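Here is a short briefing for a reader who is new to this structure. Look through the sequence and the model first, then read on by topic.

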Amino acid sequence: MNQIEMEPEQHKVDDDQKNNPHGGESGKVNGTAVSDDQDGGEFSDVEMEKRSEKKEEELQEKEDSNSNSPEVDKSHDSSGKEVNPQTNGNGHNHYIPAIKAQVHLPRPEPPQPKVERSQSLSMAESMPSIGKYIRDRSSTFSAAIIKHLSSLKEDNGDFIVKNDSLNFEVTEFKIPGVKVIVKLKSDDEREELRGRITFFTRSNCRDCTAVRKFFREKGLGYFEINIDVFPERAKELIERTGSSEVPKIFFNEKLLGGLVTLNSLRNSGELDKRMNELLGQKCPEEAPEIPVNGFDDDEEEEDELVAIVKFLRQKLPIQDRLIKMKIVKNCFSGIDMVEAIIHHLDCGRRKGIATAKLLAQKHFIHHVFGENGFEEGNHFYRFLEHEPFIVGCFNFRISTNDNEPKSASFLADRLTRLMSAILEAYASEDRFHVNYYVISKSEEFRRYLNLARDLQRVNLQLLTPDERLAFFLNLYNAMVIHAVISIGHPEGILDQRAFFCDFQYVIGGYPYSLSIIENGILRNNRKSPYSLIRPFSNGDRRLELAPTTVNPLIHFGLCNGTRSSPTVRFFTPQGVEGELRCATREYFQSGGIEINLDKRTVCVTRIIKWFSIDFGQEKDVLEWVMNYLDATRAGLLTHLLADEGPINIVYQNYDWSGNL
């Protein structure tokens, strides 16, 4: 076979070897490959035994002659040898031919020595020393970095670093195709950063918001001490300034003043000079301390009944019982509880019954069917931590809160202030975007979670109607933020059920979901959209907290964390009605309604369709909406309603994506 005929075959062999994923031989390749510089005897013992020394010498002479041939012959001979014509197509013959190996194939390695089972090898002997390898590599890498940092020199113009050793002015990196220049601050600029800007604020304070915005726009770092988040710092504010008014700005330990002083210095051009004077030195210890996160300020007061409750938890026969053809788990008899109280307190029966009623009033125990608080007789009760719903409540942690319940008005006010502080710090100025991830890591949210735990046994009956309305509006919006952080935004029908129905808090001894708050409380036990049943059954004690009439404005005060919902906000009991009207006006003026005079079409939010029973007939809805429109839209709608012609009302698509 001549040289020209061998080249296509050689390419064919190479292609087969490339297509084989395991790097093995193809069925079309005849012969076994060994390397020129390897022994090869392991593969051709049979053939070598049959060869004579004379044939070997002739073969050697042939190879030597080929080595002196032109370059084309060299490449051919280095790839392989001519196969013996006696070999059949399957590569079977009376002996195994010895063929030179392809140079790109790996060399065969000798087998590893066999280890007897009786031998016990150490980890260092049986496995690679990974730790040593990492240490060696890290040492080499560290040495290279130190070498470059200590003596950086120009190298053929490919990589240039200019520096002034200790006094860096401009560091310039030149990489082929990339140029990076890092300009460090001068000594004068670095002097400004030695001090510390601190100011005291409160939630829902316009002046505080203006001060915060000023320092953000100027690019200056600051520390904010919100008195509503850190109430223990209120005393320090009075001691340092002689007043409880906010904001109060400090440059290091020096009091600058409030917003009026800040604006005055800025307008006169003296602000930069004053900042250089007061912040040019390192902040002394006399300056207001930076708020410390992770510590609670309020000392919890243990409930006076906790000792009795702990005794009853250990002594009462708590077990599953068959009551009214239902299996009731973890319950006990009221008679047994009264007897245990009498024995523990060494008192009469009347005091024992009064103590049991007090336990039920403070939500330590509940009737298994919710029929009464506590009555003497053959009734069965269970502890709050044994209620079936308690494990699924997100403000429950391992055990119930046995501390003395705080007043409902205090908790409602504290919730409003904490959540307002969260929005001011971690939401956009227009409240259309909320940074849920940063909120989840914040001190404000940690304190809110502790506050939510205090709601387990709170008595909401003591709230006024306006306080109750503001409380449930704020609680709904706060729970939405918690739900987004815990389970994420709802993306489908199943997610919406988990979000609105399964995410619950235990409040005042009873479970509350987002759907229960909206439809059961705020809408006075009306059916939710596309639902056939009401949230509460007859006799449910949570109905006592529902308002007597439904205010349709509540739909524009509830934010469910989506882009089409109203913006998130928190309300005060004193101005909840006016704040709801303001929220409704903002919603309709920011795209909640669109009017096409030519087509006589009014496109309104789908919220009105879902809760149409709360708004009335379509014509009544348009007249109601007119009160919350700007002058232009109100004029267009008035023109449509005045001529008594047909008006086509359509509903906008609802965007369920998150308000991130």
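## Helix 18 and helix 20

The axes of helix 18 (residues 465–487) and helix 20 (residues 514–522) come within 9 Å and cross at roughly 160 degrees. Axes here are lines fitted to C-alpha atoms, for helices over the stretch in contact, and angles run from 0 to 180 degrees between N-to-C directions. This is a predicted model: local features need pLDDT of at least 70, side-chain atom pairs count only at pLDDT 80 or more, and totals for chains, interfaces and linings use all residues. Residues are numbered from 1 along each chain as its sequence is written, and side-chain values use heavy atoms, with hydrogens and water left out.

- Helix 18 and helix 20 are therefore roughly antiparallel to each other. Angles over 145 degrees count as roughly antiparallel, under 35 as roughly parallel, 65 to 115 as roughly perpendicular and the rest as oblique.
- Their crossing is left-handed. That term applies if the near helix is turned anticlockwise from the far one by less than a right angle; clockwise is right-handed.
- Helix 18 brings Leu469, Phe472, Leu473, Leu475, Tyr476, Met479 and Val480 to the contact. Helix 20 brings Leu514, Ile517, Glu518, Ile521 and Leu522. Contact means heavy atoms within 4.5 Å.
- By class, the residues of this contact are 11 nonpolar, no polar and one charged. Ala, Val, Leu, Ile, Met, Phe, Trp, Tyr, Cys and Pro count as nonpolar, Asp, Glu, Lys and Arg as charged, and the others, Gly among them, as polar.

**The chain overall**

- The chain has 25 helices and 18 strands. Helices (H or I, at least four residues) and strands (E, at least two) are DSSP runs, numbered from the N terminus.
- Of its 660 residues, 39% count as buried. Buried means under 20% relative accessible area, exposed over 50%, and partly exposed in between (1.4 Å probe, protein chains only).
- Among contacts with a separation of 6 or more, 67% join residues 24 or more positions apart.

- Leu259, Leu262 and Leu265 are the buried residues of helix 10 (residues 259–268). They cover an arc of only 130 degrees around the axis, which puts them on the same side of helix 10. The arc is that of the directions from the helix axis to the C-beta atoms.
- Val260 and Asn267 are exposed, on the face turned away from the buried side.
- The cover over the buried residues includes helix 8 (206–218), strand 8 (248–251), strand 9 (254–257) and helix 11 (271–279).
- Helix 8 packs on helix 10 at an angle of about 40 degrees, with the axes 10 Å apart. That makes helix 8 oblique to helix 10.
- In this contact, Asp207, Ala210, Val211, Phe214 and Phe215 of helix 8 meet Leu259, Leu262 and Arg266 of helix 10. Six of the residues are nonpolar, none polar and two charged.
- Gly269 follows helix 10 and has a positive phi, near 80 degrees.

- Leu637 is found in helix 25 (residues 631–642). At 0% relative accessibility, Leu637 counts as buried.
- Arg196 lies in the loop between helix 7 (187–192) and strand 6 (197–201). Its relative accessibility is 18%, so Arg196 counts as buried.
- Beyond four places in sequence, Arg196 touches residues including Phe223, Phe250, Phe251 and Glu289.
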